[in-house]
Amino acid sequence: MATAKIEEREGIVLSRIPQKERDAMVRVLGPHGFSSFYARGALKVGGATGFCTQELCHSAFNLIVSSSGSLTLKEGRLLRLYAPQGGLDGMLVAQLLLEYCLRFLSEDDAPMFYPTLAKALEALENGGDPFSVAIMFLAKAANVAGYGLEVDHCVLCGSKTGIVAMDLIHGGFLCADCLPASSSAPCGGEELRIYRHAFRCPEEDFVRVHYPLSSAKEVLRRLLEHIQDQTGMSLKSLNPILKA
């Protein structure tokens, strides 16, 4: 009699969608990329697979592989439950990170982007400013996806001096001489510094850099607008606070 094939995987749970009464389909991002599997009894109160399949959990899974290649959870072990700080802002930014990975991250980019998600969630748990984490995370995501913004020089003439605006249509900084060729309004110096840092910073800055709140909110709005313009889809997790 053939023995069922078992695969061991680990990763961060992005979503748990109810199936039937107590089962769920679970979507995970880990070092291998994405995995989706059926988890029997995941929604049962006190069930053995309930804790390890919750959103924001980093868990290890033993998965049964069917002859067709579909995966079913045999058993799981909770390694870490990320607990974002910062109240409502922190929780909504954590949801934004998961939403981005679920809806926008490609299969090819998933394995290399997994550490970025982990670093961002760690930062939210360890005192990182939610809006700053969101900006740096989305800037990294845009770079990986191929629509990062140019923050080293003017996108039209190449000048590194006299930068006064961020133009989403042209894809980067504009100098004062080129501003008349754009419909963008000038930005404050603080906003320009945030853009430059976010698109160039190491992931270690997720937890240690806090952008000024007033400027960070505007930059975050514009980054979300940029992603929508590039993909045709919008990220909705932060609507309750950015549209308030």
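What share of the contacts in the chain with a separation of 6 or more comes from residues 24 or more positions apart? The share is 57%, where contact means heavy atoms within 4.5 Å. This is a predicted model, in which local features need pLDDT of at least 70, side-chain atom pairs count only at pLDDT 80 or more, and totals for chains, interfaces and linings use all residues. Residues are numbered from 1 along each chain as its sequence is written, and side-chain values use heavy atoms, with hydrogens and water left out.

**Overall layout**
- The chain holds seven helices and seven strands; these are DSSP runs numbered from the N terminus, with H or I of at least four residues for helices and E of at least two for strands.
- Their order along the sequence is β-β-β-β-β-α-α-α-β-β-α-α-α-α.
- Taken along the principal axes, the box filled by the C-alpha atoms is roughly 75 × 35 × 30 Å.
- Of the 244 residues, 50% count as buried (buried is under 20% relative accessible area, exposed over 50%, partly exposed in between, with a 1.4 Å probe and protein chains only).

- Helix 1 (residues 87-103) has 17 residues and should span 24 Å at 1.5 Å a residue; its end C-alpha atoms are 25 Å apart, which agrees. The expected span is 1.5 Å times one less than the number of residues.
- The buried residues of helix 1 include L92, L96, E99 and Y100.
- G146 follows helix 3 and has a positive phi, near 100°.

**S237 and its contacts**
- S237 sits in the loop between helix 6 (213-231) and helix 7 (239-242), and counts as buried because its relative accessibility is 14%.
- Apart from neighbours within four places in sequence, S237 is in contact with L92, Q95, L96 and E99.
- The side chains of S237 and E99 are joined by a polar contact of 2.5 Å. Such a contact is a pair of N or O atoms within 3.5 Å; within protein, one must be able to donate a hydrogen and the other to accept it, and residues adjacent in sequence count only if both atoms are side-chain atoms.
- A polar atom of the S237 side chain also lies 3.5 Å from the backbone oxygen of Q95.

**Aromatic rings**
- The whole structure has five aromatic pairs. Rings of Phe, Tyr and Trp (its six-membered ring) pair if their centres lie within 6.5 Å; planes under 30 degrees apart count as stacked, over 60 as edge-to-face and the rest as tilted.
- The F37 and F61 ring centres are 4.9 Å apart with planes at 55°, so this pair is tilted.
- Because F37 lies in strand 3 (residues 33-39) and F61 in strand 4 (residues 57-65), the pair ties together parts 24 residues apart in sequence.
- Both F37 and F61 are buried.
- Y100, F104, F113 and F137 form a cluster linked by ring pairs.

**Cysteines**
- The whole structure has zero disulfides, a disulfide being a pair of cysteine sulfur atoms within 2.5 Å.
- C157 is in no disulfide, and its nearest cysteine sulfur, that of C175, is 3.6 Å away.
- That 3.6 Å between the sulfurs of C175 and C157 is too far for a bond.
- C157 is partly exposed at 47% relative accessibility, whereas C175 is buried, with a relative accessible area of 2%.
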